[in-house]
Amino acid sequence: MLWFEACATYRFKHGTASLIDAIVADSTAEVRLNAEVTAIDQSGDTVEIRLTDGSTVTTSAVVVTLPLNALKSIEVTPPLSKGKRAASQEGQASRGVKVWIRARGHLAHFAAIAPADRPLQLLQKEYEVDGDTIIVSLGRDATRWTSPTGRPSKRSSAS
Ligand SMILES: Cc1cc2nc3c(=O)[nH]c(=O)nc-3n(C[C@H](O)[C@H](O)[C@H](O)COP(=O)(O)OP(=O)(O)OC[C@H]3O[C@@H](n4cnc5c(N)ncnc54)[C@H](O)[C@@H]3O)c2cc1C
């Protein structure tokens, strides 16, 4: 509960992006944005990374942090293990749901949790906009969540 309370109360003064900016400023690495990888070949002494623009990057090692869903779109040589390929084909594991609520007026910071059998398990104040309070809520299973109309949500999963 203390952890939820901390999340609801403390945030980066200049947004989460300021953390990324600070990491980049602290590094000598070359950062390339919008560089989509199509293939990784590590069959030789070096690693060859192919990009959609046709160019190739050669390096001594590669660390892949792509989400499971994206991993399967890259041709890896030698192939990834059977287990990794199977997990990537299966895709997103989470079936959670995230709901944003705009409540009228000012509310003090709070965090609340509900039992697992409820559609939503976490509720906490995020920030304020034009005098209203923005609240975020998370549930573990989007398929069990019904919309404010009472009809089941059309989306089977969300994050
Ligand atoms: C709407 C939404 C709300 C969320 N809210 C929260 C929250 O409140 N709190 C929380 O903790 N988490 C939240 N999450 C989850 C959180 O965003 C993810 O868990 C986190 O971003 C995963 O980080 P990642 O680095 O694994 O993947 P990503 O952040 O998805 O990063 C993967 C990157 O790889 C790039 N990429 C993909 N394919 C290629 C390719 N072939 N070549 C090169 N680059 C490629 C993508 O462009 C992307 O930049 C939310 C997610 C969504 C969608």
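What follows is a set of questions and answers on a predicted model of one protein chain.

Trainee: How many helices and strands does the protein chain have?
Mentor: Read along the sequence, the pattern is α-α-β-β-β-α-β-α-β-β-β-β. The tally for the protein chain is 4 helices and 8 strands.

Trainee: What is the strand order in the open sheet with mixed pairing?
Mentor: β1 (residues 37-41) and β2 (residues 47-51) pair in the antiparallel sense. β2 and β3 also run antiparallel, while β1 and β4 (residues 75-77) pair in the parallel sense. The order of the 4 strands is β3-β2-β1-β4.

Trainee: Which strands stand at the edges there, and why is one side of each left without a neighbour in the sheet?
Mentor: An edge strand here has a single partner strand, so one side of it is left without a neighbour in the sheet. The strands concerned are β3 (56-59) and β4.

Trainee: What does the twist average from one strand to the next in that sheet?
Mentor: The sheet in question is the open one with the order β3-β2-β1-β4. Its twist from one strand to the next averages 15°.

Trainee: How many residues lie between β1 and β2 in their hairpin?
Mentor: The two strands are joined over 4 bridges. V37 stands opposite L51 in β2, and I40 has its bridge partner in I49. The hairpin has, between β1 and β2, 5 residues.

Trainee: Which residue in the turn between β2 and β3 has a positive phi?
Mentor: 4 bridges join β2 to β3. The hairpin leaves 4 residues between the strands, and the positive phi, about 95°, belongs to G54.

Trainee: How many bridges pair β7 with β8?
Mentor: β7 covers residues 122-129 and β8 covers residues 132-139. E128 stands opposite T133 in β8. The strands pair in the antiparallel sense, and the number of bridges is 7.

Trainee: Is Y10 buried or exposed?
Mentor: Y10 sits in the loop between α1 (2-9) and α2 (17-25). Y10 has 9 inside 10 Å, so it counts as exposed.

Trainee: What distance separates the C-alpha atoms of Y10 and H109?
Mentor: Y10 and H109 are 99 residues apart along the chain. Their C-alpha atoms are separated by 9.9 Å.

Trainee: What percentage of contacts between residues at least 6 apart in sequence join residues at least 24 apart?
Mentor: The protein chain has 159 residues, and buried residues make up 3% of them. Among its contacts between residues at least 6 apart, the share joining residues at least 24 apart is 44%.

Notes. Residues numbered from 1 in each chain as written. Predicted model: local features only at pLDDT ≥ 70, side-chain atom pairs only at ≥ 80, totals over all residues. Pairing = 2+ DSSP bridges. Axes fitted to C-alpha atoms, helices over the stretch in contact; angles between N-to-C directions. Buried ≥ 20, exposed ≤ 12 C-beta atoms within 10 Å, placed from the backbone. Contact = placed C-beta atoms within 7 Å.
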